[in-house]
Each structure stands twice: as structure tokens, then as C-alpha cells.
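Dear colleague,

Please find below the structure that I am handing over to you. My notes on what was found in it follow directly after.

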Amino acid sequence: MNSPAAKEPEPKTSGPGRLEKVPTGIQGLDEITCGGLPRGRTTLVCGGPGCGKTLLALEFLVHGATRFGEPGVFIAFEETAGELATNGASLGFDLAALEADRKLAIDYVRIERSEIEESGEYDLEGLFIRLGFAIDSIGARRVAIDTLEVLFAGLPNPDILRAELRRLFRWLKDKGLTAIVTAERGDDGLTRHGLEEYISDCVINLDNRVSDQISTRRLRVLKYRGSAHDANEVPFLIDQGGLSVLPVSSLGLDHQVSTSRVSSGVPDLDAMLGGEGYFRGSTVLVSGSIGSGKTSLGASFARWTCREGKRCLYFLFEESPSQVCRNMRSVGIDLAPLIEQDLLRFHSSRPSATSLEMHLSRIHRLVSEFEPEVAVIDPITNLRAIGNDCELRSTLTRMIDFFKGRQITTLLTSLTVSTQPSEDSSEVHISSLVDTWILVRELESDGERNRGLCILKSRGMAHSNQVREFRLTDQGIKLIDVYLGTDGVLVGSAREARMIRDEAEAREREYEAQKRQRRVAQRRDAVRAQIDALNAELEAEEEVLRRAVEREHLSEGGLARDEARMAAARAGVDTSLADGNQVRTVQP
Amino acid sequence: MKRDQEPIEKADGPAGMAGERIELRLYVAGQTSRSLAAIDNLRRICEEDLKGRYTIEVIDLLQTPQLARADQIVAIPTLVKKLPPPLRRIIGDLSNSERVLIGLDIRPVDPAGAHHGS
């Protein structure tokens, strides 16, 4: 037996360089461990029953064998090879094929307490030989032992077992194998038999907690010697894609932003948003009271996206997909063909079905699978039923961050109870995260309720500051200019009545104008006639004048002739003239 | 320890005794003192109590490691009673003869023998 004291200092000083890490390939786990598990060391994975220890260990080996070229040995103490194969198949792993390819070796160790009798001292050399044989047969670089503590139940003399386990971990380290050892959680300690005493390089704790009847799986790296790691408790999910860990602290503000735009699916709304719609990859919050048409806005956006040939993932927390399809058909939005083309996918679940973390994990998983360009979450407020505000805020923040990081345009709907967004509501908290905030308000007056839509904010674009009346017609959503007058904002039938009155007034005004025009025309005619008359008068006067002048001219000419004739007559040239002159001369 | 690969002792005594033949297999790993002690202890017990109706096969897992998996061996040394059923395992160096006999679930040849009722 090796002295336990000799174990500690040796491995630490042996590696002067950085700690080398082995990627697990498990989504998210490599992120929080900053690269994976310590190479050549043994990692303890502990947790209560049914919290996913075996799956984690198995996935570590399968990814190692399939993605990282590191064959692995799985020593199963609890599950038979058949059970393990079934479990593996449920995660999509074909263990038999991996075994046939000599990438994986599974050894099922059966220890039946009832058929074992102890007589004298023993050791676990048999286990070492089996392990060694399996490792050598495929050249394994990874080992998983699940669950070592079965030995304590199956074999007598715990003191011997402890000494042998210490020897086992040392042996694994000496062979340079990266190993995962699972252990059941104990009442007063991490593990029931104190395995954490022997494994000190890396300890991961799994947990399956139930609060408010909702269970959440959580993972925490308790210890990671020689490496930075995320010490937070992070949720994880087990589904048909295996294990996925959701790092809380992947929050960053370094995501790419896009200047390209996507239509909101409602032309009138696009017009309000600078004529082009939302920014690609931005987050849009649509808040409004009950029945204000939030889902219709979401569905319009989804339909537009799919018609462009892009994928849209639609999360429903209130209604079933068929219900939404039926309701949307009534407003002229037919979603069924888009689902058939697999451009639109619905995922509906009750908020209370699982915890916030699980919802978030599921969103991650589905988004990774479907890779949509647009996601709609309808509504986010229902999630409040299953978590306090603090949790909800953190979940939403991470969710928005996740979508932004992937350049997915996201539309969130939020139910507001009051007509004004109240201070304590969660939307105020996330409003700083969203890029565009559209509010659908109930406008109640004259015994009817109408909807008014306005854009509270829209970052980075010129947007309308107007309230529009929001109408759900059987051709989809229409936004109509509301009547703004001395009576304030008028919508609905009040607006209609006002518009009819306006129309009548307009007609009246037009008639008046025409009348006035006619009067002017008449006046113009009259004036023209007057001008003509005056002109004629003037012409006549001119004529008279001309004649007079002419006459004057003529008489002047005659006088000159007469004088000439008289002058001639006086000289006796002209008898006729002389006669005349004679007479005249005689007379005086 | 080459001879351990094959049955090393066969005591073909008169088969007319009450019990059937007992097939035993002892798994060891190399010639450790514990392994040698187990072999010695087993021989002694068999000669004393099962004379004439036992077979012992000693298997060195260092030489045939694949048998460790096939026969579900974890602890060393392990004595397996293959026949008659039920299958029983006794782990340890077999220093406690009484526990070995209890573990094998077999009674000595002579019911009136000295080992009874102590």
C-alpha cells in the first residue's frame, strides 16, 4: 500500500507548465471549466440518484471516442451492458458500433453481495487487471467508472477498499488517463464513502432540486485545482441530444450588430419604423394588455420570415400550436403551409411544466437544432408564474443575449395588466435590453375599446412618434392614423363618426369653393365684357378723332389752293379768279 | 507458475461418496504472498474436508487477464465454486477455513466429522 501522505505534493510539482485539459464535448461544460477536465487526472462527479452522473460519464467517453480521437473505457458497476446501450441509444449514441470500432470498451462489473464470502485479506487486483486489459485492448485515453461506491456495498472490509481505491486513483494518474469517477451523494459529505478525500483535482457536483414542484438539474464545479472555472451553479438539461450545460456567465456585449433590416410583416408598421422594419438580430418587445393583438404581430412577423424562405421558431407559453393557427387564420394569417414546409416550428409548453432554467436550456437546444433566423416568444410574462422577478430577469437577460449572439431577430410579447407599463413590471427591467419596444394600448372611450399602437423606442432608426389605430382585419393587421383633434385622440367609431363629419364638411367646403370659383369666373366675364365695351367706346372715339383730324387736314389743303388761286387771279392769270376778286374788290 | 494454467490437482477418489464433484477455481494475480497463501490454504482445506471429490483450477490473471472480465473477478484472491450450484465466491487468502466451508455451502464428507458443531 502506498502511503497516503505521499500522494499530494507529487503531481502538483511535476507539471511546471499550464494544466492541460481534455475537452468533454458536452455542450457548455467545457465553457465553464475553461476547456474541459484536467488531462491525466481523475475527476469526481457526485450527486444524488438520477441526476445524470452516468450520462455525463458516458457522454465524456463517447465524445472522446467520436470527436477527439481518444478511445475510452467504461466500467459500469450499476448498469449492465444492455441497459447502458439502451441509455446510450436514448441520447443517440450507438455504443455497440463504437465497441465494434474499438473506440469504446464497456466492462460491466457485477458484484453480488449474497454470493460473496470473505475469508482473510484481499485486494482489488482483479479490477485493476480488468481495467488494464480493457485499456490496453483499445489504447484508451479516457476512463469512466460508474459508480465505484458499489464496491462498498458489495465487498466486506471497507478499510481494504479505501486503501485499494487510493491505489486505483494513483494508478490511473500514473497511466496518464483522464478519468471520471462517479459517486453517490452522502448525508454528511459530498459522497457517501468520502471519495472526495482521494480525488482532489476536480470535483463536479450534480444536483436535481425541486422547488415549487418543479425540478431543475444543476451542475457546479466545486473544485478545479490549478485552473480557473465558473464556480456558479449552472442549470443543465438532459434530452435526446444528451447533456447540455447552460453557462450563466456567457453574458457579453460583444455581439455583432447588423445594419440590414427585416420587415415586421406589417407594411404599416414598417412605415412607422423608418419604412424598413426591424434591425436584423435585434430584440423586439411587444407589450400590451389582454387580447391586444400581440400574437397577431408575432404571427405576422413569423409569416413574413417564412415567406422569405427563412426559418422561424415560435415558442408558445399560453396556447397550443393548433389554437394559434386557427386564430391567426381568422385574421388572414395562414400558418399551416409554413409548418408543412418546415420553415415554421412551434414549440409549446406550459410555463409550469419545468423551471425557468429548463425552459432556457430547451430554447438553447431547439435553436441549436433548428437554427432559425427569427424567434418569437409568446408571451414572456407567463414565465413569471414559475420564478421570482430576479430569476426571470436573469433568465430573460441570458435569453436575449443568446439570441443576439446568434444574430437571431427576436420578438417577445409581454402582457401588461395596466395600460401604462408599470414601474415594477418585468418589462421595465428588460426594456433596456430590447432594441425596439412596441406598445399596444387599449383606448377606451364612448363605450368601446380600441387598440392604439405606438413605438416607445427603436434604437438606431428614425421611427414614428405617432399613435396609430391597430386594426385586426381579415387581411391581417392594419394601422390607421388616429384622429387627433380638439377632442383628443379619437379611435374606433368615434373616429369614424368624426371622419364622416369631416367628409361632409369637406364636401361643403368644396362646394363653397366651387361656388366662389364660379362667381369669380362670372365676374371675370363681366369685367371682360366691360373692358370690351370700353375698348369699343375708345375705338369709336379714336375713329371720330381721326376723322376730325383728317377733315382738318383736307380743309387746310383747300385753303392753300384757294389762296394760290386768288393770288393767280389778282395777277390776271385766272379769269375766273379775277372775276371773283373783281366782285370782292368792287363790293367793299 | 506455469502449472497454474491447467488443473493442478485432481483427486479422483472413490466416487461413491454422498456428495457430487465439487469444481473449484482460484483466481490469483502473480506470485504474491497472499496468492501463495490462498493456494496453500485451499489445498489444506480440501484435503481435510473434501478429500476425493474436488477439482481445483488455479488461474493467474496476469497471464490470462481476459478471464477476469469473463468470470466477473474483482477481488484477488477469489475462490469460485462453479459446481455444484449455486455459484459462490470467497474472497481473501482463505485463512479462515470455517468461513471458506460456509461460503462454499458444502458439508464435510463425514457428517460426524470433527469440524461440525464447534
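Helices (H or I, at least four residues) and strands (E, at least two) are DSSP runs, numbered from the N terminus. Residues are numbered from 1 along each chain as its sequence is written, while chains are lettered from A and ligands numbered from 1 in the order in which they are written. Please note that this is a predicted model, in which local features need pLDDT of at least 70 and side-chain atom pairs count only at pLDDT 80 or more, whereas totals for chains, interfaces and linings use all residues.

I begin with two loop residues of chain A. D342(A) is placed in the loop between α12 (336–340) and β17 (344–348), and its phi is near 60°, a positive value in a residue other than glycine. A residue is called buried if 20 or more other C-beta atoms lie within 10 Å of its own, exposed if 12 or fewer, and partly exposed in between, with C-beta atoms placed from the backbone. D342(A) has 10 C-beta neighbours inside 10 Å and therefore counts as exposed. R102(A), in the loop between α5 (95–100) and β5 (104–108) of chain A, also has a positive phi near 60°. Because R102(A) has 13 C-beta neighbours inside 10 Å, it counts as partly exposed.

Two cis peptide bonds also deserve mention. One joins D146(A) and T147(A), with omega about -10°; T147(A) is found in the loop between β7 (142–146) and α7 (150–154) of chain A. Another runs from D378(A) to P379(A), with omega near -15°, and P379(A) is in the loop between β18 (374–378) and α14 (389–405) of chain A.

Next comes strand β20 (residues 436–445) of chain A. Of its 10 residues, 7 are buried, so the strand is largely enclosed by the rest of the structure. Strands are taken to pair if DSSP finds at least two bridges between them. Strand β15 (residues 283–288) of chain A runs parallel to β20(A) and is joined to it by 5 bridges; here G288(A) has V440(A) as its bridge partner. Strand β21 (residues 448–458) of chain A is antiparallel to β20(A), with 10 bridges between them, and E442(A) is partnered by R451(A). The hairpin of β20(A) and β21(A) has 2 residues between the strands, and D446(A) takes a positive phi near 50° there.

On the interface, 30 residues of chain B are in contact with 22 residues of chain A (contact meaning C-beta atoms, placed from the backbone, within 7 Å). On the side of chain B that touches chain A, α2 (66–70), β5 (88–91) and α3 (97–104) of chain B each supply at least two residues. Strand β6 (residues 116–118) of chain A and β5(B) run parallel, joined by 3 bridges, and E117(A) stands opposite I90(B).

Finally, the nonpolar cores: each is a set of buried Ala, Val, Leu, Ile, Met, Phe, Trp, Tyr and Cys residues joined through C-beta atoms within 7 Å. The largest has 161 residues, and those with the most contacts inside it are A144(A), A302(A), V376(A) and L26(B). Helix α3 (residues 53–67) of chain A gives the largest share of this core, 8 residues. A second, separate core of 5 residues includes L443(A), V482(A), L490(A) and V491(A). As for A302(A), the residues that it touches, not counting those up to four places away in sequence, are C312(A), Y314(A), L335(A), L344(A), V374(A) and V376(A).

With kind regards

Key
Contact = placed C-beta atoms within 7 Å.
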